[in-house]
Amino acid sequence: MNFDAYARTAVDLVNAGLDDLAGLRALLSGDLDYMRDQVVEKDLAAFRRAQRRLREVFEYGTAGRDADAVRELNSLLEAYPVQPRISGHDASDWHMHVTSRGSSVSAEFLAGAVWGLAVWLCEYGSARFGICADERCGNVYLDTSSNNCRRFCSERCATRSHVAAHRARKRAAAAPENSETLTPA
């Protein structure tokens, strides 16, 4: 069972734009097409509530507030209980899913996302949760680096932030030179 994939669904949810059903359907595209076609307005409200609560988990983890992250995840696990089931497309492809079909799209998706993030916390600790260090971004991520050094959600944000810092240092270094040449003697 790939718990990392379930944890990544939590990241995808927190980073998703859920302004309307189209945003929710975009989140559910790809492997979750069957969910995308079943989503209703009631699901959107549930996804938005869970999105806010999962962001809090990332904020707690990033701040080193493990007990708060655990408390919130336990509360989410109660709200979206896991119902394991065996699934497969043929007799040689049996595998486990942690959610059951038949309930709402939000209940199915959110049970897996919360479970995955809870397993991630138990396996790696909340120090492996992150909020992008680029002030303009705010996306969350799971730190899969070998030395727990990730600070950005993507290479794009890392590059943008490093370039901005480099330019700021160049401007700061050039500022005293410019002020000296403009001062009358």
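Me: Why is W94 called exposed?
Reply: This is a predicted model, and in it W94 has a relative accessible area of 56%; the label exposed requires a value over 50%, so W94 is exposed. W94 sits in the loop between β1 (85-87) and β2 (95-97).

Me: What makes the nonpolar surface patch of about 360 Å²?
Reply: The patch is made by I86, W94 and M96.

Me: Why is the pair of F47 and F109 called tilted?
Reply: The ring centres of F47 and F109 are 5.2 Å apart, and rings count as a pair when their centres lie within 6.5 Å. The angle between the planes of F47 and F109 is 45 degrees, whereas stacked would need under 30 degrees and edge-to-face over 60, so the pair is tilted. F47 belongs to helix α4 (residues 41-62) and F109 to helix α6 (residues 105-124), so that the pair links distant parts of the chain, 62 residues apart.

Me: How do you know whether F47 and F109 are buried or exposed?
Reply: Buried means under 20% relative accessible area; F47 has 0% and F109 has 6%, so both residues are buried.

Me: What is the label for the pair of F58 and F129, and why?
Reply: The centres of these two rings are 5.1 Å apart and their planes meet at 40 degrees, so this pair, too, is tilted. Because F58 lies in helix α4 and F129 in strand β3 (residues 129-131), the pair ties together parts that are 71 residues apart in sequence. F58, at 0% relative accessibility, counts as buried, and F129, at 4%, counts as buried as well.

Me: Which residues have the most contacts inside the largest nonpolar core, and which element gives the most to it?
Reply: The largest nonpolar core has 38 residues, and those with the most contacts inside it are L13, L24, L28, F47, F109 and L117. Elements giving two or more residues to this core include α1 (3-15), α2 (21-27) and α5 (66-79), while α6 gives the most, with 10 residues.

Me: Where does the name "Zinc finger CGNR" come from?
Reply: The name comes from an unreviewed UniProt entry, which places this domain at residues 128-170; such annotations may be inferred rather than shown by experiment. In the model, the span is 37% helix and 14% strand, and its end C-alpha atoms lie 33 Å apart.

Notes
Residues numbered from 1 in each chain as written. Predicted model: local features only at pLDDT ≥ 70, side-chain atom pairs only at ≥ 80, totals over all residues. Heavy atoms only, no water. Phe/Tyr/Trp six-rings, centres within 6.5 Å; stacked < 30°, edge-to-face > 60°. Helix = DSSP H or I, 4+ residues; strand = E, 2+ residues; numbered from the N terminus. Buried < 20%, exposed > 50% of the residue type's maximum accessible area, 1.4 Å probe, protein only. Patch = residues over 30% accessible without salt bridge, like charges linked within 9 Å, V, L, I, M, F, W, Y side chains within 5 Å. Areas by Shrake-Rupley, 256 points an atom, 1.4 Å probe, with all protein chains shown as cover. Salt bridge = Lys/Arg side-chain N within 4 Å of Asp/Glu carboxyl O. Core = buried A, V, L, I, M, F, W, Y, C linked by side-chain atoms within 4.5 Å.
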